[in-house]
Amino acid sequence: MSGEGRAAALPPFTLVTGNSDKRAEAERILGRAVDCAAIDLPEPQSLDFFEVVRAKAAEAFRRVGRPVVVEEAGLELAALNGFPGPLVKWMLEAVGAGGIARTALALGEPRATARCLLLWTDGAREVVGEGTTVGTLVEPRGTSGFGWDPAFLPEGEERTYGELPSADKDRLSHRGRAWRDLLAKL
């Protein structure tokens, strides 16, 4: 089934994000324009992806008043027992993609897992799509993508997320897998 056929079966929703790159990825994967609301949602400071995405979804639905999709994505470093996970945003702000990679490399364990949860809710029902991609952290390469993309090398690839063309990244990425999982469950 084509991306457009699957997207047509998706219940209506508003994607709650202020990140234009996340919106663009959703639109490429779904094969259609996505209604979006740029709302700054409070996030629990937790290493539990499900706790964070559920809290964000409840607040997003309260503010928007119609079905929403929210995302929680993170990077779990094997060298730090999964940290920073959903707290990667703050590590990225503090040390950048290169600093995250250098941390893992300095600790002698470059393996990492990119994880994404997408939660669709209509206020009564919740459906969660999850995607993971295993890889390693490397010195940043490439100018595509955003965040830590240039430092993440998916397993079996020779190019980082930052070096991959959009279609290849969407196929391999944690976010692409989460959207496809959510579509399958809806």
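Let's start with a cysteine. The sulfur of C116 has its closest cysteine sulfur in C36, and the gap is 14 Å, too far for a bond. Keep in mind that this is a predicted model.

Now the view from the other end. For C36, the closest cysteine sulfur is the one in C116, again at 14 Å, and that is too far for a bond. The cut-off for a disulfide is 2.5 Å between sulfur atoms. A disulfide, remember, is a covalent bond between the sulfur atoms of two cysteines. How many disulfides does a search of the whole structure find? The count is 0.

C116 has a relative accessible area of 0%, so it is buried. C36 comes out at 23% relative accessibility, so it counts as partly exposed. The line between those two classes is 20%.

C116 leads us to E71. Set aside the neighbours of E71 within four places in sequence, and C116 is one of its contacts. E71 sits in strand β3, which covers residues 68–77. Is E71 buried or exposed? It is buried, because its relative accessible area is 8%. What does the E71 side chain make with the side chain of K22? A polar contact, at 3.1 Å.

On to helix α2. The helix spans residues 20–30, and L30 is in it. Look at the N-terminal end. N19 caps it, with a side-chain oxygen 2.8 Å from the backbone nitrogen of D21. After the helix comes G31, with a positive phi near 75 degrees.

Which residues of α2 are buried? They are E25, A26, I29 and L30. Down the axis of α2, these buried residues fall within an arc of 120 degrees, so they line one face of the helix. An α-helix has 3.6 residues a turn, so residues three or four places apart point the same way.

One more look at L30. Its relative accessibility is 0%, so it counts as buried. Now take A60, 30 residues along the chain from L30. The C-alpha atoms of L30 and A60 are separated by 21 Å.

To recap. The search finds 0 disulfides. The E71 side chain has a polar contact with the K22 side chain. And the buried residues of α2 line one face of the helix.

Technical notes:
Residues numbered from 1 in each chain as written. Predicted model: local features only at pLDDT ≥ 70, side-chain atom pairs only at ≥ 80, totals over all residues. Heavy atoms only, no water. Helix = DSSP H or I, 4+ residues; strand = E, 2+ residues; numbered from the N terminus. Buried < 20%, exposed > 50% of the residue type's maximum accessible area, 1.4 Å probe, protein only. Polar contact = N/O pair within 3.5 Å; in protein donor to acceptor, adjacent residues only side chain to side chain. Contact = heavy atoms within 4.5 Å. Arc of directions from axis to C-beta.
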